[in-house]
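Here is a walk through a protein model, sheet by sheet and helix by helix. Keep the structure open while you read.

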Amino acid sequence: MPNFCDISDSVRIINLTDSKFKTFRIAFKMLLPLDKETASEHAVLTSIVCRLTNEYPEYTALSRKLASLYGASIYSDITKMGDNQVLNVALSGISGKYAFGGEKMEQELLSILLSAVFTPLKDERGLFPEESFVQEKRQIIEAIEADFNDKRIYAIDKCLKELYRNEKAGLSKYGTLESVKNIDETKLPKFWNNVLKKAQFVIFVSGDCDYKYIENTVREKFNFERAPYKLTNEAKKAGQELHVVSEEMKLAQSKLVLGFKTECEDINAMKLMSVIFGGSPTSKLFMNVREKLSLCYYCSCRPALLKKALLVESGVETDKLEAAKEAILKELEDIRQGNITEEEFTAAKLALYNSLNGIEDSLYSLEIFYQNQIFDSEVLTPMEQLKKIEAVSLSDVINAAKLTKLDTVYTLVGTTVNN
Amino acid sequence: MVIDMENINKLWKKVESERTGDHYFTLTHPTGLEIFVYPKKNFSTTFAIFGTRYGSIDNCFKRSDELEASVVPEGIAHFLEHKLFESEEGDTFLKFAATGASANAFTSFESTCYLFSATQNIYPSLEILLDFVQSPYFTEETVKKEQGIIGQEIKMYEDDPGWCSMFNMLKGMYHKHPIKNDIAGTVESISKITPEYLYRCYNTFYNLSNMALVVVGNAECDKVLDICDKLLKRTEPMQVERIYEAEPETVVEPYIEQKMSVALPLFQLGFKESVKGKHIDEKTIAETEIILDAMASDASPLFKRLYDMQLINESSFSYEFFEGEGHAAVMFGGESRDPQKVAEEINKEIKKLKEIGIDKETFEISKRSIYGSNISGLNSSSAIANAMISMKFNGRELYKYIDSLAVITLEDVNRRLREIMMEDKAVLSVILPED
C-alpha cells in the first residue's frame, strides 16, 4: 500500500517511489468543479504558469536548463474526472544515479515546478506575461482544432457531450472555443489565486527519487490559509427516450459511438462486464461484430465508472451503420440473457488480472490507478482490486448488463464515394 | 530462486552495459533463430516479441534456392500478420485469453512482429507465440474475408490527416523505393492476394534464420531455451536477397497538397538523403539525432522563432531521422496555419547552421538530453523489446548505440551536418482544410 501524507484535508501527497525505475515523476493534480465560467481560464492558466518562471523568465532559458538536466521535462495538461476539472502540472527526469554530473535531480527539478505553481512569473503590470498569455491561448485553441482533425477522438467527444447533455461533465475540458477566445487577461491572476486556495491537491511522487526531501519541501509551500471546494460528482440515469444525433462529413469511413448509462452500483461487476462485452480481442464485440460479421474495423467499449456510463466506439462503412448498431446491441442483450461461456468469463478475469498485475511497472499507470480512486472511500492496491474482481460472479455480470441502458446514438456519416 | 550463472554462460553470451547497469543474454539457436533474454529485476510484466525481418517494402526478392527473382502484390506482409492469428483450430486470441496474456502484432516497413505482455503464465504464453507464428493456415474463404477487414483498415487511414501527410511526402520523395507505398497496400493490390502468394511469402521470410525472439522482464534463460528446443521447427537455411530498383538522388515533386476535413493545416517536410550501403551505423544515427535536437528541440532558437511567429505549437511540432534499407530522410512535421512559411524558416536555419556550425555548449546539452531519453526508455519492457528487435534487424545493437553518444565529438556532428538536409532534396507535404 502506498504511503499517504495528508498535509491537510485537501492536500495529499502519495508516495509511489520505487528504485527499480531509472526515472522519477512528480505530478500535482489540482481538482476543481468543471464550470463553464472558469474552465477555459483554468486551461490556459495551467500552461501559462509552466512556461516561464522567476528564475527562468525566458522560454529558451528554461528549455535549455531542462535539456541540460538530461532532457527532463515540465509539462501541463487538463483532464476531466466526472464533473470535475483536473489541472495537471508534472515533471519527470532521470534518477540522479545516472546523472554523470552528479546533479541532485529532484532538488533542481522540484524547485522549478514549485516556483511555477506557487509564485508564477508576473510582469510589471502584475499580470502574467502577455507573450505567455497570447501563446498559450493560441495553443489551447489549436488543441481544440486538432481534436477535430482526429475523427476517432472527435466522434467520442461528440457522443460524450450528448450523453452528458444535462450534466456538468458535458462541457469540454477546455470550456468552449468561444470562452477561450473571450478570456480577460486582467482577471487571470485572481483565477490562479483561486486555484491555489480552493483546489483539492493530490501530489504523486513516483519512481527513483528522494521522497522525504520532496515531501518536506512541498509541505513548506502549503503555509497559507485555504478554503477548498467540496467536490461533487453526479451520475444521472438514462433518458426515457433514445437520444439520436447524426452529422455528415467528407470521410471514407463512418463512425458510430453508442453512449450507455448504468444503474449498477457494483463497479467491479461493471468492469468485468465491459471486458466481456468489448474490452479485449476475445470480447463479444471484437469476436462477433468485427471478426465474424466483418461489420467494422474497430469495435470496442470502455466504462466511465465515475459517471456510471459506458461507451462503445466503432469505425464502420456507411451502408453498414444500422447493421453494426443492431449487432452491437444484440451482444449486450446476449450478456443480459446470460449467454456467456465459461471461457469468456474466465478470459475477462484473466485479462483484468494481467493489467492490474502490470500497473506497478509503469510510473504513469501507477499514478492514474491511484488518481482514479480519489473519490473512493476506500483506497485499494492493484492486488486488493484483483481480489475484488476475483469475487465477481456470473450473475453479477448479468445484472450489470441488465442495469445498463442505451441513452445516446451518435453517428458521423462519411460521404466520400468510393470507387 | 538461484540461477546457475555458470551453466548459463556456457550457452548464452552476456552483454552488459556499464553505463546503465543493465544486461541481457543472447544465443543463436541451432535452428538459426537469434534469441535475446533481457532481465528486468522486480518488474512483474514480461514482454515477448517474435518477429521476422519482412515488411511492406519486401515485394521483390530472390531466394537462394531459386534462379529468378519474383514480384508480389503490395500489402502481403501486413496481410500475413492478420492471417497468422487464425489457425486451423481457430482464433489465436482465444488461446492467449486462456493464459491472460495480452497479445498483439504489427507490421512496419521492414519487419512483422508478434508479441504478448504477461504478468502470469509467461511460459505457456511463449509456447502459444512460437506455435502460432510457425503454423500458417490460409484458405480461399478466410483470405476473402480478410480482404474486407483490411479494406476497412485502409479506409480508416485515408481519413487520418497525419498519415496522409506522411505518405504524400514519401511519394513526393521516392521515385522507385517501395517505402512510398502504404504498409497495408491498396484495396486494389490486396484484392490480388491469394493463399498461394501468402504461403510463398511465408515460406520465404518466416525462415528462422531471418527471425528473432526477444523476451524482456521476468523470464529465465533456460526455460526460454527449453521451449525453443521443443517448438522451433527446423527449416532449410535460405538466404533472401531483397531487390530494389535504383533510386535516383532527386525527389519526385518538391510540394504536394491535399484537402481534407481538418480545422488546422498539417505539414510534413522531409529531406532525402542518398544511402550508400545497406544501413546507417549507430554512430551516424546518434550524430544525426544530436543535430536535430540542437537545431529544433524546444530549447533551440529555431523553435522559439517559429513559436513566436505563431507558426507551430508544442503539442504537434516534431522531428525525426527516418531511415531503413535503401532510404533515409530527416523529417519535420506538425500543425501550422502557414506550412510554407515554416518550411522557409527551417531552410533558413539549416543554411545558417551549416555556415556557422553547432556550438560547443549546445552540442553538450543535446548530448545530455538524448542520453536522458535513452535512459528513460530502459524503464519499460515493451520499449526495450521493440528497440532490441528493430536494432537486430538493422544490424545494430542497443548498448553500442547508447555508448556511441559518449564518443561523438563536435567535429563529427558538424561534418555530418554538412552532408544532410540539402534544400534541393526537400519535399513539403501539406494537408489543407476543405474549401
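In what order do the 7 strands of the open sheet in chain B run? Bear in mind as you look that this is a predicted model. The order is 1-2-3-11-4-10-9, and the pairing is mixed.

Going from one strand to the next, the twist averages 15°.

Further in, strand 4 (residues 46-52) and strand 10 (residues 112-118) of chain B run antiparallel and are joined by 7 bridges. In general, strands of a sheet pair through backbone hydrogen bonds, either parallel or antiparallel.

There's also a helix laid over this sheet. Helix 14 (residues 381-393) of chain B lies across strand 3 (34-39), strand 4, strand 10 and strand 11 (211-217) of chain B. Relative to strand 11 of chain B, helix 14 of chain B runs at about 160°.

## A buried strand in chain B

Now move along chain B to strand 16 (residues 327-335). How many of the 9 residues of this strand are buried? The count is 9 of the 9, so strand 16 of chain B is largely enclosed by the rest of the structure.

In a regular strand, side chains alternate between the two faces of the sheet. Here, His327(B), Ala329(B), Met331(B), Gly333(B) and Glu335(B) point one way, while Ala328(B), Val330(B), Phe332(B) and Gly334(B) point the other way. All of them are buried.

Strand 16 of chain B has antiparallel pairings with two strands, strand 14 (residues 266-272) of chain B over 7 bridges and strand 15 (residues 318-324) of chain B, also over 7 bridges. Phe271(B) stands opposite Val330(B), and Glu320(B) stands opposite Met331(B). Strands 15 and 16 of chain B make a hairpin with 2 residues between them, and Gly326(B) in the turn has a positive phi of about 75°.

## Crossing helices in chain B

Helix 10 (residues 282-296) and helix 13 (residues 360-377) of chain B pack with their axes 9 Å apart, at an angle of about 115°. Because of that angle, helix 10 of chain B counts as roughly perpendicular to helix 13 of chain B. Their crossing is right-handed.

Who meets whom? From helix 10 of chain B come Glu289(B), Ile290(B), Asp293(B) and Ala294(B); among the residues they meet in helix 13 of chain B are Phe363(B), Lys367(B) and Ile370(B). The residues of this contact split into 4 nonpolar, 3 polar and 3 charged.

## Strands and helices in chain A

Over in chain A, look at strand 3 (residues 23-33). With 10 of its 11 residues buried, strand 3 of chain A is largely enclosed by the rest of the structure. Strand 3 of chain A pairs with strand 5 (residues 84-94) of chain A in the antiparallel sense over 11 bridges, with Met30(A) opposite Leu87(A). Strand 6 (residues 200-207) of chain A also runs antiparallel to strand 3 of chain A, joined by 8 bridges, and there Phe204(A) is the bridge partner of Ala27(A).

Helix 12 (residues 342-358) and helix 14 (residues 382-390) of chain A have axes that come within 9 Å and cross at roughly 175°. That makes the two helices of chain A roughly antiparallel. Leu352(A) and Leu356(A) of helix 12 of chain A and Leu386(A) and Ile389(A) of helix 14 of chain A are among the residues making the contact. In all, the contact's residues divide into 6 nonpolar, 2 polar and 2 charged.

## One serine to look at

Ser274(A) is in helix 9 (residues 267-278) of chain A. Is Ser274(A) buried or exposed? Ser274(A) has 29 C-beta neighbours inside 10 Å, so it counts as buried.

Ser274(A) and Pro303(A) are 29 residues apart in sequence, yet 6.6 Å apart in space, C-alpha to C-alpha. Leaving out residues up to four places away in sequence, Ser274(A) touches Gly279(A), Cys301(A), Arg302(A), Pro303(A) and Leu310(A).

Key: Residues are numbered from 1 along each chain as its sequence is written. Chains are lettered from A and ligands numbered from 1 in the order in which they are written. This is a predicted model: local features need pLDDT of at least 70, side-chain atom pairs count only at pLDDT 80 or more; totals for chains, interfaces and linings use all residues. Axes are lines fitted to C-alpha atoms, for helices over the stretch in contact, and angles run from 0 to 180 degrees between N-to-C directions. Helices (H or I, at least four residues) and strands (E, at least two) are DSSP runs, numbered from the N terminus. Angles under 35 degrees count as roughly parallel, over 145 as roughly antiparallel, 65 to 115 as roughly perpendicular and the rest as oblique. A crossing is left-handed if the near helix is turned anticlockwise from the far one by less than a right angle, and right-handed if clockwise. Two residues are in contact if their C-beta atoms, placed from the backbone, lie within 7 Å. Ala, Val, Leu, Ile, Met, Phe, Trp, Tyr, Cys and Pro count as nonpolar, Asp, Glu, Lys and Arg as charged, and the others, Gly among them, as polar. Two strands pair if DSSP finds at least two bridges between them. A residue is buried if 20 or more other C-beta atoms lie within 10 Å of its own, exposed if 12 or fewer, and partly exposed in between; C-beta atoms are placed from the backbone.
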